[in-house]
Amino acid sequence: MSGFSGQIPADILEFSKLVSLDLGLNPLKLQKPGLQDLVEALTNLEVLHLTTVNISSKVPQIMANLSSLSSLFLRNCGLQGEFPMGIFQLPNLRFLSIRYNPHLTGYLPEFQSGNQLEILLLANTSFSGQLPGSLGNLKSLKKFDVKECHFSGVIPSSLGNLTKLNSLDLSDNSFSGKIPFTFVNLLQLTDLSLSYNNFRSGTLDWLGNLTNLNYVDLQGTNSYGNIPSSLRKLTQLTVLALHRNKLTGQIPSWIGNHTQLISLYLGVNKLHGPIPESIYRLQNLEELDLAYNFFSGTLDLNLLLKFRNLVSLQLSYNNLSMLNSNNATIPQPKLELLTLSGYNLGEFPSFLRDQNHLELLDLADDKLEGHIPKWFMNMSTITLESLCLAGNLLTGFEQSFDVLPWKNLRSLQLYSNKLQGSLPIPPPAIFEYEVWNNKLNGEIPEVICDLTSLSVLELSNNNLSGKLPPCLGNKSSTALVLNLRNNSFSGDIPETFASGCSLRVVDFSQNKLEGKIPKSLANCTELEILNLEQNNIDDVFPSWLGVLPHLRVLILRSNGLHGVIGKPETNVEFPRLQIVDLSNNSFKGKLPLEYFRNWTAMKTVHKKHLIYMQANTRFQISHYTMNHKYEYSMTMTNKGVMILYEKIQDSLTAIDLSSNGFDGEIPEVLGDLKELHLLNLSNNFLSGGIPPSLSNLKVLEALDFLRTSSRERFLSNLYSSPSSRSLMCLTIFSQVRYHEETNSRHLTTLHLMRIQDCVGSRCRKNVEMVRTRCQQLKKMRAPDLHLNLVGRWW
């Protein structure tokens, strides 16, 4: 680095015989002229190093004509488009680095034997596809790095032929299959990282053969079994990262012989037993992670705090007892990261008084009670960026502040305590603020709108009141989550959701809000869940929300909504809607069959792994990247019972239009919604029979139709129509064997009607006929079937 800056001058193009150009690590631009101009002019280049130069363009195809090129470094240059495949096959190319260009796409070619490549670095690009088996022809390759790309498929066993490799990083891709056993041949490896792929389960026995390893990162590789004894042969280890696997057994005592270790990550496994005393011999440790296991016995925190270089200590959620945690000796290490969640501490550990370099502190679920002490508020006020005190018994702060004192705090989690008084105001740098499930009262102060980085605001389940600040909608350009559920807010919802709104969750449910649904919500084009249930909103159906391309959950239950829902203006409205709850309002007219046709997300049955709807947030603190999952929640009626869904399955689909004034017949088009799990049309004025098309609803879990103005006619039609009678029983039977491999709940109950208001012998007779027919089917084909006629049993 020479300190040059600005645009690289066009004069350089005059040096047509130039063979080496190294301008890397300077704040330069190569745009006018650009990279193509440079390559066209300097055709004799052997070395081209432009690391961190701002190029911001495609890599020209003609670069594949630089036959003399032996070294090409274009790291972090803002490259775009598809990388020319021919460059990989330049006859003299030995060193190629194009990593840290996230918008650069491409594929690896077939490599011919005799290829001279020694270094191939593609990390953090958008390269994809599979690794070709011909990679094994790169006999000279010493360093191969494709971390954080988009590669997939099975890793070819031919990589075991690369016996000169000393560094291999395949982490953070989508590789599958097993880790090739041929890796035992890579005897020169010093650095190995395979973390966070989709490998099949396997043991770590093969690892002990690679005795030159000093850096091992196998986090999230689906490894199981004991920590193999062969790892004791890796005497040069400085980093051993086995976090987030399925390892069992105990930590072997020989771990204490690896005195060169500076990082030991064993968290999120199934390890058990006591922590071996030999671990206290690892005096060079800087990072120790034992969290989320089943360790038992006693841990002497005093001895760990004697590790002078220790900066990261993670011990959360074990069955350990802390020894003398409040009498830790001095001097102590300058901790930057500390997690001690899930212990019966009762009070804040006093050794924290001397910790002024903490960046992340997690003391959740530690039975801390009373006020947060004054000394704690004065700890790490400059450095602390993430603080979690959730799940305790805290009631307030010993010392009051206009703004909390941690100046650079990015994440504050105080939820599930007993905090009282007004809403604590976080500092301006805050990104994630969660104080739900407390006893806070008063209004949301206007100063909350000055938090320009705020992305998650979670204030639900408190006693907050007053009107919503008009400026709250202005936060929508930075915020992802706005959850004010179950408070006592009143007045209108501000009509201030700005253009460019990035909100994905708006939940104002269970308050006292009134007026109309603000049409500025149509600016929130990323919105996935809108929940306004149980307020006093007086409006018609918000058809204008149909323009939102990602809206998946719309809950407007228990308001004063009214009128005819009508027809959509286009056939692409609400394209991703999969949960809609308009129950307990005053809608009237026919069921909105034209909207049913639009709800395409309910038509295709998806067979996926069990995942949940969530918003992923990511932000950087000084030395760590914080990845958090904000999982969506809701309440909804299922089988006659109001249920809190603390998580919403990604595949769940539901329609609840009950307790309105809809009339007419149930439309046939409902049968096209083949992914529908819950359907509730009860307490309306519907008539006619069940459409035969509903037999298409093979994944239906709950069906509630009745208590209509013509219920006796409905029951009569239900039994007199062969298709309806068949549907009612067939629907139940089809669910008795519903996807055992997905661990889904079997349907064994069908709610048919509210019986308590059924009068007259004809009604009673039809109910008995329905029961008899279904009981016959039960004896013949569906022994697990249970017919529940909600209300009085006849």
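Is lysine 590 buried or exposed? At 55% relative accessibility, lysine 590 counts as exposed (exposed means over 50% relative accessible area, buried under 20%, and partly exposed in between, with a 1.4 Å probe and protein chains only). The model is a predicted one, so to speak of local features takes a pLDDT of at least 70, side-chain atom pairs count only at pLDDT 80 or more, and totals for chains, interfaces and linings use all residues. Residues are numbered from 1 along each chain as its sequence is written, and side-chain values use heavy atoms, with hydrogens and water left out.

Lysine 590 has a partner: aspartate 663 forms a salt bridge with it, and the closest N and O atoms are 3.8 Å apart (a salt bridge is a side-chain nitrogen of Lys or Arg within 4 Å of a carboxyl oxygen of Asp or Glu). Aspartate 663 sits in strand 52 (residues 661-665) and lysine 590 in strand 46 (residues 586-590), so this pair links parts of the chain that are 73 residues apart (strands are DSSP runs of E with at least two residues, helices are runs of H or I with at least four, and both are numbered from the N terminus). Aspartate 663 is partly exposed, with a relative accessible area of 30%.Those two strands also belong to an open sheet of 4 strands, with the order 44-46-52-54 and parallel pairing (two strands pair if DSSP finds at least two bridges between them). Strands of a sheet pair through backbone hydrogen bonds, either parallel or antiparallel. At the edges are strand 44 (562-564) and strand 54 (685-687), each pairing on one side only. From one strand to the next, the twist averages 10° (axes are lines fitted to C-alpha atoms, for helices over the stretch in contact, and angles run from 0 to 180 degrees between N-to-C directions). Strand 52 pairs with strand 54 in the parallel sense over 3 bridges. Glycine 664, for instance, has leucine 686 in strand 54 as its bridge partner.

Back to the charged side chains: the structure holds 10 salt bridges. One of them brings together arginine 94 and glutamate 118, at 2.8 Å from N to O. Arginine 94 is in the loop between strand 6 (81-82) and strand 7 (95-97), glutamate 118 is in the loop between strand 8 (104-106) and strand 9 (119-121), and the two are 24 residues apart. Arginine 94 is partly exposed at 35%, whereas glutamate 118 is buried at 14%. Lys142 comes in here too, as Arg94, Glu118 and Lys142 are linked in a network of salt bridges. Another salt bridge joins arginine 504 to glutamate 528, with the closest N and O atoms 2.8 Å apart. Arginine 504 lies in the loop between strand 38 and strand 39, and glutamate 528 in the loop between strand 40 and strand 41. Glutamate 528 counts as buried, at 10% relative accessibility.

Next come the cysteines, with a count of 2 disulfides (a disulfide is a pair of cysteine sulfur atoms within 2.5 Å). Cysteine 449 is joined to cysteine 471, with 1.8 Å from S to S. The torsion about this S-S bond is about 70°, so the disulfide is right-handed. Cysteine 449 is in the loop between strand 34 (439-442) and strand 35 (456-458), while cysteine 471 is in the loop between strand 36 (463-467) and strand 37 (481-483), so the pair ties together parts that are 22 residues apart in sequence. Cysteine 449 is buried at 15%, and cysteine 471 is buried at 15% as well.

The other disulfide joins cysteine 501 to cysteine 524, with 2.2 Å from S to S. Its torsion is about 90°, so this disulfide is right-handed. Cysteine 501 lies in the loop between strand 38 (488-492) and strand 39 (505-507), cysteine 524 lies in the loop between strand 40 (512-515) and strand 41 (529-531), and 23 residues separate them. Both ends are tucked away: cysteine 501 is buried at 2%, and cysteine 524 is buried at 0%.

Finally, the nonpolar residues. The largest nonpolar core has 197 residues, and those with the most contacts inside it are Phe144, Leu170, Phe376 and Ile655 (a nonpolar core is a set of buried Ala, Val, Leu, Ile, Met, Phe, Trp, Tyr and Cys residues joined through side-chain atoms within 4.5 Å). Elements that give two or more residues to this core include helix 1 (35-41), strand 23 (294-300) and helix 4 (593-598). Helix 1 gives the largest share, 4 residues. Leucine 170 touches, among others, Leu131, Phe144, Val146 and Phe183, leaving aside residues up to four places away in sequence (contact means heavy atoms within 4.5 Å). A second, separate core has 20 residues, including Val456, Met613, Met634 and Ala654.
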